[in-house]
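Colleague: I am new to reading structures. Could you walk me through a few features, one at a time?

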Amino acid sequence: MAMATSPNAHLLITPNTNPRQHHNLLTKSITWPSTNALNTLKPLCATSTKTISITCSTTQLQDRPAASSAAEDRVFNFAAGPAVLPEKVLKKAQSELLNWHGSGMSVMEMSHRGKEFTSIIDKAEADLRTLLSIPPEYAVLFLQGGATTQFAAVPLNLCKQGDPVDYLVTGSWGDKAGKEAKKYAKVNVIWSGKSENYIKIPNFDELEQNPDAKYLHICANETIYGVEFKNYPTPKNKSGILVADMSSNFCSKPVDVTKFGLVYAGAQKNVGPSGVTIVIVRKDLIGDAQEITPIMLDYKTQAENKSLYNTPPCFGVYMCGLVFEDLLDQGGLVEVEKKNKKKAELLYDAIDKSNGFYRCPVEKSVRSLMNVPFTLEKSELEAEFIKEAAKEKMVALKGHRSVGGMRASIYNAMPLAGVEKLVAFMKDFQARHAW
């Protein structure tokens, strides 16, 4: 009787057999049929009954590495955007990636006009309306192009060429928005903090607004400089239209949407991956775009087609929807704001009590809950600070290229533990380098 082992023997092993059992079975010999049995089969084929000798490879199957918690391998990501997402959301997306809700396909594969994706985008909108108490008089649009594209879309939709508009500039993004708007309207910068390096927000009563302006534009939170509006100016234009870029503090706290004619935000800071831009616009402001407005920038086109005029960023919208679910599960934006305040207070307190070793230039009354810029008294230590922090799994702390220093973006998804670890590191770094 011929004896041999087959390199394909593992194909006969049941799926539930563990890797070590696979290895043990592969190292055993397999008994081939007897000569009599082969003779019985002889008429059925022309195969010779010569003795077969098969050599089995001695290569061993590698055991799978011990499963480690994904959380142990993740860093605390302080990037300004794209930014940290809730681990709970990432795990849910992972579990649904191959087969969404029994559909047999990934969200990335399904038609944007099919019932599956329609249910996804409809639920995302419904949950966002719940979070921000958005009334039916407002349209919610899921668009593309980032908030930067809205710098042009806003004036194109809300005014005619040459119409006056007011811009209150408290940082780089407000400045860029105003410069872009000059192509489509007559921009009046009623205040700019540029001369003081954007460290404050003016007293609203001192603003000289144009009563004929079609709207007043602000950036609710300046990501680079860390300046955030804690309340909002009342527009003195006839239509009472206030427009806000809320990209970096969107859904970080409750906001009375009815105070605004239009709110827009890139999703990649607080509510999803890059690629989705959310616009919340009063419906009576839709439908009178300038003739030169590209069809993709016309709010009327997007609203009438429920954000599906062309293929939207489907997976990005899906991810935003998961984030909205998570925010609701946390108790809504009132509870989310409490958590954000606690994190910000902890970090600002560490800076302010460092005896000048760390410094935040922004006036305390308007410091951002989302983006905390700071410098070192000894600027030559900043590179070492960033390098050592990265070794401790705290990344993306380098300040924006235009201002330098450090910046910790502590969006909704940044856990308290991340801020606590950063503060502990800052204190240790100071103890080792102060003199």
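This is a predicted model: local features need pLDDT of at least 70, side-chain atom pairs count only at pLDDT 80 or more; totals for chains, interfaces and linings use all residues.

Colleague: Which residues of helix α11 are buried?

Modeller: In α11 (residues 382-391), they are Glu382, Phe385, Glu388 and Ala389. They span an arc of only 130° around the axis, so they sit on the same side of α11. Ala383 and Lys391, on the other side, are exposed.

Colleague: What follows α11?

Modeller: Lysine 393 does, and its phi is positive, near 65°.

Colleague: Now charges. How should I read a salt bridge?

Modeller: Side chains of opposite charge can pair when their charged atoms come close. This structure holds 24 salt bridges. In one of them, aspartate 326 meets lysine 88 at 3.9 Å, N to O. Aspartate 326 lies in helix α9 (residues 314-329) and lysine 88 in helix α4 (residues 87-96), so the pair ties together parts 238 residues apart in sequence.

Colleague: Are these two partners buried or exposed?

Modeller: Aspartate 326 is buried, at 9% relative accessible area. Lysine 88 is exposed, at 51%. Lysine 88 also forms a salt bridge with aspartate 329, at 3.2 Å, N to O.

Colleague: Last one: cavities. What lines the largest cavity?

Modeller: Its volume is about 60 Å³. The lining includes Leu132, Met246, Phe250 and Lys253. By type, the lining residues are eight nonpolar, one polar and one charged.

Conventions: Residues are numbered from 1 along each chain as its sequence is written. Side-chain values use heavy atoms; hydrogens and water are left out. Buried means under 20% relative accessible area, exposed over 50%, partly exposed in between (1.4 Å probe, protein chains only). Helices (H or I, at least four residues) and strands (E, at least two) are DSSP runs, numbered from the N terminus. The arc is that of the directions from the helix axis to the C-beta atoms. On a 1 Å grid over the protein atoms alone, a cavity is a set of points where a 1.4 Å probe fits but cannot get out, and a pocket is an open set with protein on both sides within 12 Å along at least five of seven lines; lining residues have an atom within 4 Å of a point. Grid points are joined across faces, edges and corners, and a volume is the space filled by probe spheres set on the points. Ala, Val, Leu, Ile, Met, Phe, Trp, Tyr, Cys and Pro count as nonpolar, Asp, Glu, Lys and Arg as charged, and the others, Gly among them, as polar. A salt bridge is a side-chain nitrogen of Lys or Arg within 4 Å of a carboxyl oxygen of Asp or Glu.
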